[in-house]
Amino acid sequence: MLLAKTLTSSTFRLALIAIGTFGVIVSAIFSYVYLSTSSYVRSRSDRAIMTEYSSLKSAYERSGRDGLIGLLQQRIADGNLADNVYLLADSSSARLAGNLGAWPSAATAADGWIEFRAPEPLPNTTMPPLLRAMSGTFPGGDRLLVGRDISELDGFADQIKTAVISCVVLIFALAGVASILVTRRTVGRIEQINATSRAIMQSGLDRRIPLRGSHDEWDRVAENLNLMLDRIETLVGEVKQVSDNVAHDLRTPLTRMRGRLERAYHGQRVGEVDQSLIGDTIADLDAVLRMFASITRIAQIETQARMDAFRTVNLVDIASEVVELYDAAAEQDGTSLTIAGDRELLVTGDRDLIFDAIANLVDNALKHGRAGGRVIVRNENLDGGPVISIADDGPGIPLEERERVFKRFYRIEHSRYTSGNGLGLSLVAAVARLHEARIEMLDNAPGLKVRLRFSPPAG
Amino acid sequence: MTGGHRRILVVEDDPETADQLVEQLTTSGYQVDLAASGNEALSRGAACDYAVITIDRMLPDIDGIAVMRQLRDDGIAAPFLIISALGEVDDRVRGLRAGGDDYLVKPFSFVELLARVEALGRRSDTIVKETILRVGDLAVDLVSRTASRRGKEILLLPREFQLLEYMVRNEGRIVSRAMLLQQIWDLHFDPSTNIIDVYVGRVRRKVDGQQAYPLIHTVRGIGYCLRAPG
């Protein structure tokens with residue numbers, strides 16, 4: 001199964017192409033080495049034969065046939081020249097002198113280079129050797145043949161040939177095995193990822209790709225895929241949570257409306273009762289519609305559809321307007337709502353959205369702060385960036401809840417019966433993300449301080 | 001106000017919504033013409049002088065804003081009320097308010113629609129030249145930016161004065177919460193809290209507290225109306 005996948009994998013095919021190309025190049029280089037080596041060795045031996053032939057020829061010219069016969073006998077007796085063969089024959093190719101029994105048939109007709117197997121072994125060999133020889137005819141009709149035993153040269157060339165061929169075969173074999181192993185490994189890792197993907201499609205998002213701990217690129221891919229799966233799992237969980245909450249928040253007013261209408265439908269028409277029933281139903285419907293509007297609005301902000309409305313705005317002006325708007329509400333609760341800090345903090349953004357975000361934070365501070373307490377909106381430059389903080393002196397938010405409050409419909413008390421729809425802080429978070437502002441939740445000891453840390457306006 | 005100025009063109013392709021709109025506006029004393037498509041709106045709009053034209057943003061043939069542009073190019077000066085779904089509120093729609101037109105986000109209440117149509121239709125009518133506005137025993141001095149009842153000054157913050165001035169200018173007409181947010185705070189969204197009510201509540205305590213009769217009245221589910229008794 002794995003082997004079949006290995007053989008059909010694209011990595012393996014690529015490896016085969018690489019091996020093929022590499023093999024052709026290596027074979028070409030080795031053939032060149034073999035051919036040039038053997039021709040070099042052969043030409044050296046040919047030169048030696050030629051030199052010997054010339055010196056014997058000049059001895060013949062100098063001292064005649066008998067002088068050459070003497071010289072040949074000397075040479076044959078010389079142990080250093082045991083590899084050489086000599087043959088002097090008359091014009092009818094009959095042997096006059098030399099260590100070769102008869103004129104070779106291959107050289108009977110013409111003079112020149114010949115290669116032939118000796119009819120009988122030379123004195124120092126057991127097998128009849130392979131000879132390479134040069135023959136020529138002197139002006140008197142006598143013929144001289146000078147040759148050498150080239151069995152050894154041939155053996156040398158054969159050795160090189162064997163070495164070259166076995167090298168090439170070995171290279172091919174090793175490369176083949178290596179590419180199968182590498183491909184198997186790659187295919188194995190990919191198979192793991194595939195298997196996990198299939199498992200996720202079939203059973204659920206909780207599966208993860210196993211890591212090998214090798215910290216190689218495959219582990220990194222697996223790690224990143226796992227992180228992506230974590231994120232997707234979280235998001236899917238959130239979506240589920242949100243739809244559960246939406247369903248819950250919708251069920252309450254819808255059930256109320258349904259009950260009311262049903263009772264009216266079966267009951268008597270009484271103008272005054274009907275009037276108030278219709279009024280209540282419209283109010284409930286409005287609450288439902290407002291919830292949808294909030295969801296749409298957050299979705300719109302999150303898709304960054306409003307970046308085109310960005311201007312340079314003074315954060316302090318917006319904050320002052322929010323404080324002024326909420327002043328009456330604070331007065332009603334007996335809470336003191338004040339603004340403090342710098343007079344001008346410029347940020348690039350959408351006034352309406354920033355207003356909405358600050359308004360939500362002030363609203364929360366008034367709602368969740370201590371009755372008769374203090375809410376302070378402070379504008380300041382912190383570490384070079386404009387920062388607005390909204391602080392109350394109420395019970396605050398426990399550390400472990402701080403991340404979660406920005407999720408849609410999240411409410412600390414896990415009760416869905418207090419006012420507000422739990423979308424306020426998600427809207428703040430969405431606005432902050434759009435403005436690339438950071439939200440920090442700090443302990444105001446006592447109370448909560450929420451900071452919006454903007455980046456300074458560009459230019 | 002002449003009859004011609006109570007004439008309204010409603011451009012709406014959904015028959016039921018169109019029926020409801022026509023009925024509501026007719027009940028409120030308007031003479032209503034209906035166009036079911038952008039092309040029909042173009043021919044009707046150019047043929048008659050309307051006080052206000054309400055138009056759905058999503059028409060089967062032409063975009064509501066394109067119809068508005070076309071009629072403007074043809075020299076039609078009537079103010080437009082564009083009715084748009086929330087997801088379609090883009091900069092072009094938001095920009096309408098700056099140009100003397102208005103938009104309303106679906107779904108809306110008819111009271112809100114009426115209030116908007118009233119406000120738009122009035123714009124072309126009258127330009128108040130007085131420097132002191134009076135409703136019953138309330139006097140609002142636009143020059144010194146002060147208000148008083150029976151000669152006794154009411155202490156108001158600048159924004160509170162602005163709110164009172166706006167309500168006095170719209171004496172006898174409904175002003176919705178959304179209209180107040182737009183006019184007084186220049187906000188184009190619904191903060192989905194009762195913050196406006198609390199704010200108006202404080203102005204009302206200052207204006208109506210310990211007086212012979214109240215001037216600011218709550219209109220349930222929509223907003224407020226400032227009027228003298230009787």
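**Why the labels apply: exposure, contact and confidence**

Mentor: B:Arg145 is placed in the loop between β7 (138–141) and β8 of chain B. Strands here are DSSP runs of E with at least two residues, helices are runs of H or I with at least four, and both are numbered from the N terminus. This is a predicted model, in which local features need pLDDT of at least 70 and side-chain atom pairs count only at pLDDT 80 or more, while totals for chains, interfaces and linings use all residues. Residues are numbered from 1 along each chain as its sequence is written, and chains are lettered from A and ligands numbered from 1 in the order in which they are written.

Trainee: Why is B:Arg145 called exposed?

Mentor: B:Arg145 has 12 other C-beta atoms within 10 Å. A residue is exposed if that number is 12 or fewer, buried if it is 20 or more, and partly exposed in between, with C-beta atoms placed from the backbone. The value of 12 meets the limit, so B:Arg145 is exposed.

Trainee: Which residues is A:Thr312 in contact with, leaving aside its neighbours within four places in sequence?

Mentor: They are A:Leu346, A:Thr348 and A:Pro457; contact requires C-beta atoms, placed from the backbone, within 7 Å.

Trainee: How many residues of chain B are in contact with chain A?

Mentor: 20 residues of chain B are in contact with 25 residues of chain A. Helix α8 (residues 195–208) of chain B contributes the most to that side of chain B, with five residues.

Trainee: Where in chain B is confidence lowest, and where is it highest?

Mentor: Confidence is pLDDT, given by the predictor for each residue from 0 to 100. In chain B the mean is lowest in helix α4 (residues 91–94), at 66, and highest in strand β8 (residues 146–149), at 94. The mean pLDDT of chain B is 85, and 87% of its residues reach 70 or more.

How values were computed: Two residues are in contact if their C-beta atoms, placed from the backbone, lie within 7 Å.
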